[in-house]
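Me: I have a protein model open and would like to go through it piece by piece. Could we start with the overall picture and then look at details?

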Amino acid sequence: MQKISFVSSKKLTDINFKLLNMLYFCLPISFLVGNGFTNAIIFLIFIIGVFSFPRKLYLVKNDSIMFIILAFFITLLISTLLDIQENPNNDNFFKSISYFRYFFLFLFTSFFVKIEKFNFKYFIISCLTCTFLLSLDISFQFLSGFNVLGFKAYEFSSIHLAGFIKEKFIAGGYIQKFYIFGLILFPFISKKLEKQKFVLSIFLTVIFFTGIFYSGNRMPLLMFLFSIFLIILLIKNLRFPMIISILLCSVIFFTTMKNNNKLYEHYLSFYSNAIYMQAKGKAFPVIDYLKEYTFKKYPELEKKEKKHFPSEFSKDKSLSKYKIIHFASGHAVVYITAIDLWTDSPIIGSGIKSFRIKCLSKLYLPNRVCQAHPHNFYLELLNDTGLIGTVLFLFAIFFLLKNKFLNFKNFEKKEKLLILCIFIIIASEFFPMRSSGSFFSTRDSSYIFFILGMLHGLKKVKI
């Protein structure tokens, strides 16, 4: 009876591991389908993980990195609860509880990789297939005016293309997030592919570049180029193919810009907005503007009735003496607002997704604005979790990378490439001056904690 029970238990465990690999295979696909599908996959990973790793859960208290990340989630919960006490209308309590699902995604991904059951081959195939097809579809949409589903090129926006996923602002960001797995690790799919590594690396890089470039997503394009630079710097075997790829991409870039005025103005404005802000018909360097207005107080306006819309500034003659910044991309104004809000609760923050509510209290001041989030990971972490949560999270990343690079020589070639791949992803995702989506969104949180879980569990890779 004991032998039968042992065999059935082993079969059940094998089934669980196969199901987990299927879910991880579907994770990149879920980002194309929508948040509902992504949350369903994370929930199923949690359910299967609880049954597959019940005895490993106690390891959290003995693992310093897991403990630090858990402390980050607890800090987020505490900061939300404290804000609820001050503002009973705050309805983010459930969000702060449900956000723990990403801690379990990190936890079970780490366990799964550590026991060498994570099927990297299938995951890489999923990433490579999704990014390749999306890039081709966007390029086809740019050249023909229609994508494979029949959508017109500019049906959703005057400049942004989405391919078959429809959502105009995420296509380039999606490719930028997942392309790197396929580009760096595709030789591990098959030995035959490894022989064609040189040609395939160039071909894939050009395809991914055109997908991001034609999508009109400017920051993902910049981060794509930054990640290619890191590949050239860190991965010797890909150095020469990447240099050739950059030359080919440059030809495509300048040829397209010369023949497409809309795209030319779109990317030119990105450069201009990154350097200058407009106020009273004059251009001011963004750096000078940030220096002048960051932490600036307006005691003369403290007793003023708070406005609810930034457009009301222009109607108020008493504000005419202040520089009212033309929004352009709007990020500098958002950053100033985020820094101003953070100083109100610098240690513990104001809780999950608090910026969209707290920003209303600053609209009576010049050059303040309300948006859904601060458009920068660091500023959002500071606003929502304060210095405590931000330091905890950054410490976790620092120790994760430190542990891997201190033992880098002890890893095999495949493992080294995977470590470098994840390092490049982290460097791109957390580039300090990068404008970004919300850290606490489904897409960004699931991607970040999945990547961190994979890195933490990396001990021995089985391809």
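Me: Of the contacts in the protein with a separation of 6 or more, what percentage is between residues 24 or more positions apart?
Reply: Keeping in mind that this is a predicted model, residues 24 or more positions apart account for 76% of the contacts with a separation of 6 or more.

Me: And how many helices and strands are there?
Reply: The protein has 18 helices, together with three strands. Of its 463 residues, 51% are buried, and its accessible surface comes to about 22,300 Å², with 66% of that area belonging to carbon and sulfur atoms.

Me: Switching to cysteines, how many disulfides are there?
Reply: The count comes to one disulfide, and it is formed by Cys 359 and Cys 370, whose sulfur atoms are 1.9 Å apart. In general, a disulfide is a covalent bond between the sulfur atoms of two cysteines.

Me: Where do Cys 359 and Cys 370 lie?
Reply: Both Cys 359 and Cys 370 lie in the loop between α15 (355-358) and α16 (377-406), so the pair ties together parts that are eleven residues apart in sequence. The link is right-handed, with 110° about the S-S bond.

Me: Is Cys 359 buried or exposed?
Reply: Cys 359 counts as buried because its relative accessibility is 0%, whereas Cys 370 is partly exposed, with a relative accessible area of 26%.

Me: What about Cys 130, which cysteine sulfur is nearest to it?
Reply: The nearest cysteine sulfur to Cys 130 is that of Cys 127, 7.3 Å away, and Cys 130 is in no disulfide. Cys 130 also counts as buried, at 10% relative accessibility.

Me: New topic: how much space lies in the second largest pocket?
Reply: The second largest pocket holds about 270 Å³ of space. It is lined by 14 residues, and the closest to its centre are Leu 221, Leu 222, Leu 225, Phe 253 and Tyr 267.

Me: Which elements give two or more residues to that lining?
Reply: Those elements are α10 (218-234), α11 (239-259) and α12 (261-275), and the largest share, five residues, comes from α11.

Me: How does the lining divide into nonpolar, polar and charged residues?
Reply: Twelve of the lining residues are nonpolar, while one is polar and one is charged.

Key: Residues are numbered from 1 along each chain as its sequence is written. This is a predicted model: local features need pLDDT of at least 70, side-chain atom pairs count only at pLDDT 80 or more; totals for chains, interfaces and linings use all residues. Side-chain values use heavy atoms; hydrogens and water are left out. On a 1 Å grid over the protein atoms alone, a cavity is a set of points where a 1.4 Å probe fits but cannot get out, and a pocket is an open set with protein on both sides within 12 Å along at least five of seven lines; lining residues have an atom within 4 Å of a point. Grid points are joined across faces, edges and corners, and a volume is the space filled by probe spheres set on the points. Helices (H or I, at least four residues) and strands (E, at least two) are DSSP runs, numbered from the N terminus. Ala, Val, Leu, Ile, Met, Phe, Trp, Tyr, Cys and Pro count as nonpolar, Asp, Glu, Lys and Arg as charged, and the others, Gly among them, as polar. A disulfide is a pair of cysteine sulfur atoms within 2.5 Å. Buried means under 20% relative accessible area, exposed over 50%, partly exposed in between (1.4 Å probe, protein chains only). Contact means heavy atoms within 4.5 Å. Accessible areas come from the Shrake-Rupley method with a 1.4 Å probe; for residues, only the protein chains shown count as cover.
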